[in-house]
Amino acid sequence: MAYTRLIVLVMVFEVLITTVVGLGIYFGFSVFPYSQSLVTTTGASVQTAGFNATIPLYMPSLADLKIPYTYLQAGAPAWGIAAFLVSAAVMVVQSFVRGMYLGGLKGWVLNRKAVPLIACGRRYFGDMVAWSLFQSVLGAVIVFLAAAFFPVGLILMVALMFYSLTPYLIVLQNITFSDALAKAPRMFRRYFGTLLPLALFAMLCTLIVSLFRSLPPPLGYAVPLIAYASIGTLLISELMRRLAVKLKLDGEQTPDQPFGEAREYKMVNAIIVALVPLLVVAGIFAASGKHLSAFEFGSKKQLNGISYLTNFSDVFYASKQNYTAYEWQTSDYSIAIRLPDLSGEKKPDELHGIADITWQVNEDIRTVNGHSTQIDVKPIMHKSRLMYRLVLETAANGSFYYSSIRGSASILPGNERPREPFSIQMMVSGDGSQIFAMQYPARFDIAQVFRVSDDGRYLIPGTSRTNPMDFHTYWFTAEQNTENLLELLAAKNKTNYVPTTDRAYLALACAMQEGDGRMVANLLETMRQAGVNVKAPDWDELTWSNNLHDKYKGASLQKTLELLTKAGIQGGYEAKELSDKSDEKVGVYRFEVPFPEGMLPITFSESKVDGKLMSLNVID
């Protein structure tokens, strides 16, 4: 039962850390060093790779094996006063628990008896705090020096190993931190040969345990939690036993603890055993982030939404991958979210909460036909819970918006079974009227795709050159209308440009379809300056925009989205050759840009030799 008490003690501390790390992601603080073991986690899946072999020291910790304490997407480390205070508090608690743990192991190793753990914690608390401070300060110095000059950092890492026996000597010999620190290097050298086989065996054990982190959630957390707490405790107890034997052989004192033996009661023992599965359940609950729901108060406002994504469209290729256009989708998308009043001039620094989002998640659908199994990837509608912490950002024109790029956003594990781990980013306009959520595979980099309009109102993602169709953006607002759509597209087109006039008619068609008079006027002027014979209304940007916007008046949202999608797909505009006007060297072609109440024809000619655009005629 003495071992079971210590295993439960380890699990209690690990579940506590799991809870605190989740709170840190939600409220914006990092918990050193436990936040450093986080890996990218997404949706209902967690990405881990490879294995990790290490030596458990002082007390088993999931951080040793680089096993994440949470399935939430952590984002960038958030440091500050809160992070310092929480990390210091965790270090103090850890020092007390470590004293309890090593004191309990000493009682069992020396006398095969259970000792009062609280008394052990009080006895060794001060010395364990001193060791934690020493280890933290020297560790920070090592990291700094390793970054500046790696050989010096490596030397200090090796030097720190010589002091690794300090906590064990404090407990086994009941000596002060300073005395143990002075003796540790000598003892390390003296007992190295005895401890080396155990260290190698420990690395083999931890390597095997680390393989369990690749299990699907929540097993990837629960199995290592139990296995490492149990195996690590056995390994550390064997280390202390060998140290105690060697110390006695060398005439060193290993005095008994003055606490006496802890009384064991059947009811207490039963409770300790029952705590093991309860702690596993509590750890899984905290790792999922579901405990953050305790901070949700008040009603949520539900907003309907639409979805858009990028594609390898015709205009993307024609512009040498410099023109992004969107493919639009409608369904029963919605989000229920609670936001503060953002209409005033004074804005909060952060927004955090849990939203309920209804959207589509790509899943593998298996169909069994006789002896064969067919696997199809299909978008399945799900209602998910989205945890977010959005940081106040400043747009190009000085306006404000909120983004998860420097904060965090992740899906609380639910009934989703995505075909691969996915991540999410979130953006809210400065007035809170526009809400965006971008879903994409975790293996992709979001930095080159995530873009916000100059006024901070719209999320205008760029086209990924890896797999653009895997980036799905959901747009929620109180009232979706054509004016908002065209404003978003005009903002998106400010980041687009066409480096060549060859096939520039495709970009022109897309700009007209999207109602962007500025882009239309710029393209026409660029073609004229390049020597293309252009025949089109001589309008400025505003006139073009007004004319194109008028063509959408009275159309339903569904019809408008269907037409706008033509700009973002392949084959949206099919050009037909006018054989009576073409010859062997020059081809004349015609296609039409569709609008709700008619077509806008475009006729162009290009060289059949080098594909150079020669003339363009826009008929309105």
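Author: Asparagine 533 has serine 615 of strand S16 as its bridge partner. This belongs to the pairing of strand S12 with S16, which run parallel and are joined by 3 bridges. Two strands count as paired if DSSP finds at least two bridges between them; strands are DSSP runs of E with at least two residues, helices are runs of H or I with at least four, and both are numbered from the N terminus. The model is a predicted one, in which local features need pLDDT of at least 70 and side-chain atom pairs count only at pLDDT 80 or more, while totals for chains, interfaces and linings use all residues. Residues are numbered from 1 along each chain as its sequence is written, and side-chain values use heavy atoms, with hydrogens and water left out.

S12 and S16 belong to an open sheet of 5 strands with mixed pairing, in the order S12-S16-S15-S14-S13. At its edges stand S12 and strand S13 (576–577), each of which pairs on one side only.

The hairpin of S15 and S16 has 5 residues between the strands, and glycine 611 takes a positive phi near 75° in it.

S15 also pairs with strand S14 (residues 586–595), in the antiparallel sense and over 10 bridges. Proline 601 in S15 is the bridge partner of glutamate 592. Between S14 and S15, 2 residues complete the hairpin. S15 (residues 598–607) is largely enclosed by the rest of the structure, because 8 of its 10 residues are buried. Buried means under 20% relative accessible area, exposed means over 50%, and partly exposed lies in between (1.4 Å probe, protein chains only).

S16 also takes part in covering helix H12. Its buried residues are Gly517, Met519, Val520, Ala521, Leu523, Leu524 and Met527. What covers them includes helix H10 (482–493), helix H11 (504–513), S12 (533–535), helix H13 (541–550) and S16, where contact means heavy atoms within 4.5 Å. H12 itself (residues 517–529) has 13 residues and reaches 18 Å from its first C-alpha to its last, close to the 18 Å expected at 1.5 Å a residue; the expected span is 1.5 Å times one less than the number of residues.
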